[in-house]
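These are my notebook entries on one structure, taken in the order I looked things up.

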Amino acid sequence: MQQRSLQQVRVSVSLIFLIHGLIIATWASRIPAFQAHLHLSPAVLGRSLMMAAIGSVLAMPAAGWLINKFGSLSIVIGSTLGFALYLPLLATPISVLPLRVLLLFNGALAVWLIVR
């Protein structure tokens with residue numbers, strides 16, 4: 001296995017956090033549009049957004065096991081690809097249930113990405 005310099009590691013981690021931040025920013029900037037499109041009350045929107053936190057909490061026990069089994073690089077690559085694949089789906093929810101499922105998935109991916 002090739003030894004990486006501290007600078008290479010810093011750049012890699014910074015890029016991953018940049019990608020994650022851009023994905024979250026893309027979603028967060030569209031929350032008002034989703035609320036209007038799906039006619040969500042503030043309470044329903046709040047419960048829907050809570051699904052990301054629930055997904056994070058549910059994924060935490062698996063994160064350590066997955067990293068131990070597959071390595072942190074594999075998990076970071078997999079979760080980043082997962083974000084890239086789910087983001088277009090998040091742009092087109094037709095009702096509250098798909099939105100909540102996608103946000104649950106979002107929370108789980110976020111944990112696997114940042115536990116590294």
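I call a residue buried under 20% relative accessible area, exposed over 50% and partly exposed in between, with a 1.4 Å probe and protein chains only. The model is predicted, so I took local features only at pLDDT of at least 70 and side-chain atom pairs only at pLDDT 80 or more, while totals for chains, interfaces and linings use all residues. Residues are numbered from 1 along each chain as its sequence is written, and side-chain values use heavy atoms, with hydrogens and water left out.

Entry 1, aromatic pairs. I counted rings of Phe, Tyr and Trp (its six-membered ring) as a pair if their centres lie within 6.5 Å; planes under 30 degrees apart are stacked, over 60 edge-to-face, and the rest tilted. The structure has three such pairs. W27 and F34 make a tilted one, with 4.9 Å between centres and 55° between planes. W27 is buried at 9% relative accessibility, and F34 is buried at 6%.

I then looked up Y86 and F105, which pair edge-to-face at 5.9 Å centre to centre and 80° between the planes. Y86 sits in helix 4 (residues 72-90) and F105 in helix 5 (residues 96-114), so this pair ties together parts 19 residues apart in sequence. Helices here are DSSP runs of H or I, at least four residues, numbered from the N terminus. Y86 is buried at 2%, whereas F105 is partly exposed at 38%. Ring pairs also link F83, Y86 and F105 into a cluster.

Which residues have the most contacts inside the largest nonpolar core? I noted W27, L40, F83, Y86, L90, L99 and L103, in a core of 16 residues. Such a core is a set of buried Ala, Val, Leu, Ile, Met, Phe, Trp, Tyr and Cys residues joined through side-chain atoms within 4.5 Å. Helix 1, helix 2 (31-37), helix 3 (42-70), helix 4 and helix 5 each give at least two residues to this core. Helix 5 gives the largest share, five residues.

K69 lies over the face of F70, 5.7 Å from the ring centre. The criterion is NZ of Lys or CZ of Arg within 6 Å of the ring centre and within 35 degrees of the ring normal.

I found L15 in helix 1 (residues 6-28), partly exposed at 46% relative accessible area.
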